[in-house]
Amino acid sequence: MDQLIQLYISWAGEAPAKTEKLAGAGSNRAYYRFTGTDGGTVIGVVGTSREENQAFIKLDRHFVQRKLSVPRVFAVSEDEMRYLQSDLGHTSLYDAIKGGREAGGRYNLAEKQLLFRTIRELPNIQIRGARGLDWSICYPLPEFNEDRVLFDLNYFKYCFLKPTNLDFHEMKLEASFRRFAKDLTSEPSESFLYRDFQARNVMLDTEGNPSFIDFQGGQKGPYYYDLASFLWQASAKYPYKLRRELIAAYYESLKQYTEVPTVRHFVSRLSLFVLFRTLQVLGAYGFRGYFEHKQHFIDSIPPAMENLRDLLKLREEVLPYPYLRELLGQLTELPQFAPVAKPKLTRSDGFRTTERDVYASHPQDGPATFSKYDGKGPLVVSVFSFSYHKGIPKDTSGNGGGYVFDCRSTHNPGRYEPYKKLTGLDEPVIRFLEDDGEILEFLEHIYALADKHVARYIQRGFTHLMFSFGCTGGQHRSVYSAQHLAEHIHKKFGIEVHIIHREQNIEQTMNAIKQ
């Protein structure tokens, strides 16, 4: 630690005003945040392997030259065991999507947007990052090959499979492994294989834009690996539909960087890597959990086994390894890996200025006339939620009330006990409504209508527009809808918006954004 501080002093010209040790993840590397007297921060890293540090530093310098979103290395110690890099902030993608993960994979819209933004950026570092890269700098191997695959498969065999005491035929399994390894490495590849592409290694700025860290284990290899690694991360619990959508987003983004195989071929190849990645992480969980007794890794085994069960449902021609499939099937049926019974109420989990020429005139029509409301501006929008039992909100502006939308056709969280004391502002209710999906389709049409109306009111210089959402109790669906429309209008138009959740006695003002 003292040597790291000395490196900071030699780089900054003064001692740090504050030093903070950051929480570690899966590696043995130590991270510190140094705050200077001017308030600026950098990250100090202490590694345990000189070769690994060298790989990161050289890869980083290459990626910086390629203008990729990675940290910038500022200073390196003489022994290359310590270095300083730019601080990419406090929020990782893993932290940002914590709510969806803890809700069993029920991600809300904001969390899904972060996932899509990240997955669309992955081909950038895989394809552009590979151009002109000297693969010899990669550690521990420059290229993904059969030896690497067999090492990881045997890691699974010795650290996970054997400790279960499940009987198996060593030679048959070895033959399956060798065929599997040959299939995984059968296609030539010129892309950068991140090898540890996961939500913890993606940092987000204040706008939600991703940057990538901890790529020191990268090498030349197939891009399928990283996609499988990210989307089948056991603890993330991405639902089937979301996975499919993220794969499609990745595939479309990949097209912008390189030629891609057909969808059928792409999906078939991806399935192989999903199986490989699943066995690989089970090996890691076995070693870290069974041998090092780290509870986090033991807790990660059940969701990984669920992933394995899903994979074994694929057709024989997709995963053509009869003995391996048979053995893995037996593995998933062991009592210690029995699937956890799901509760009947699956929705109860989780915890979210004016243009005067408004109308184009025609010579035959003469100049258009204007109402007494034209040109006053600026526009202020009020959005209400209410209960129909207590009546529609009154419009105090004198303009007549605007739009009133009835939310009662959508699925009501209030019918379920876990949500009865919550509102549409609470995370469990938000997840319920968005997971159900009816409210999203309902609002999609309202957004389109509201956008046209607000734009025209701004154009004409009108001063007030009102939207009201009603439901049975004014607690769940109407509150969610009013809040989301208000935020949508404020974000899109930057005007002043008042939110009034009448039955909840909650009011909020979103001030106009200065242009």
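**Close-up views of a predicted model**

**View 1. Helices H8 and H10 cross in a right-handed manner.** Right-handed here means that the near helix is turned clockwise from the far one by less than a right angle. Helices (H or I, at least four residues) and strands (E, at least two) are DSSP runs, numbered from the N terminus. This is a predicted model, in which local features need pLDDT of at least 70 and side-chain atom pairs count only at pLDDT 80 or more, while totals for chains, interfaces and linings use all residues. Residues are numbered from 1 along each chain as its sequence is written, and side-chain values use heavy atoms, leaving out hydrogens and water. H8 (residues 224–231) packs with H10 at an angle of about 60°, the axes being 8 Å apart. That makes H8 oblique to H10; angles under 35 degrees count as roughly parallel, over 145 as roughly antiparallel, 65 to 115 as roughly perpendicular and the rest as oblique. Axes are lines fitted to C-alpha atoms, for helices over the stretch in contact, and angles run from 0 to 180 degrees between N-to-C directions. Contact means heavy atoms within 4.5 Å. Residues of H8 that meet H10 include Tyr-224, Tyr-225 and Leu-227, and their side of H10 includes Phe-266, Arg-269 and Phe-273.

**View 2. Helix H12 (residues 301–311) is largely enclosed by the rest of the structure, because 8 of its 11 residues are buried.** Buried means under 20% relative accessible area, with a 1.4 Å probe and protein chains only. Among the buried residues are Met-305, Asn-307 and Arg-309. They pack against helices including H6 (146–161), H9 (240–254) and H13 (322–332).

**View 3. Five strands make an open, mixed sheet in the order S11-S12-S10-S13-S14.** S11 and S14 (506–510) stand at the edges with a single partner strand each, so one side of each has no neighbour in the sheet. Two strands pair if DSSP finds at least two bridges between them. S10 (residues 380–387) and S13 (residues 496–501) run parallel, joined by 6 bridges, and Phe-384 has Ile-500 of S13 as its bridge partner. H16 packs on this sheet, touching S10, S12, S13 and S14, and its direction makes about 155° with that of S12.

**View 4. Helix H15 (residues 438–460) lies across S11 and S12.** H15 runs at about 165° to S12. Its buried residues, including Phe-442, Asp-451 and His-453, pack against S11, H14 (427–436), S12 and H16. Just after H15, Gly-461 takes a positive phi of about 80°.

How values were computed
Expected span 1.5 Å × (residues − 1). Buried < 20%, exposed > 50% of the residue type's maximum accessible area, 1.4 Å probe, protein only.
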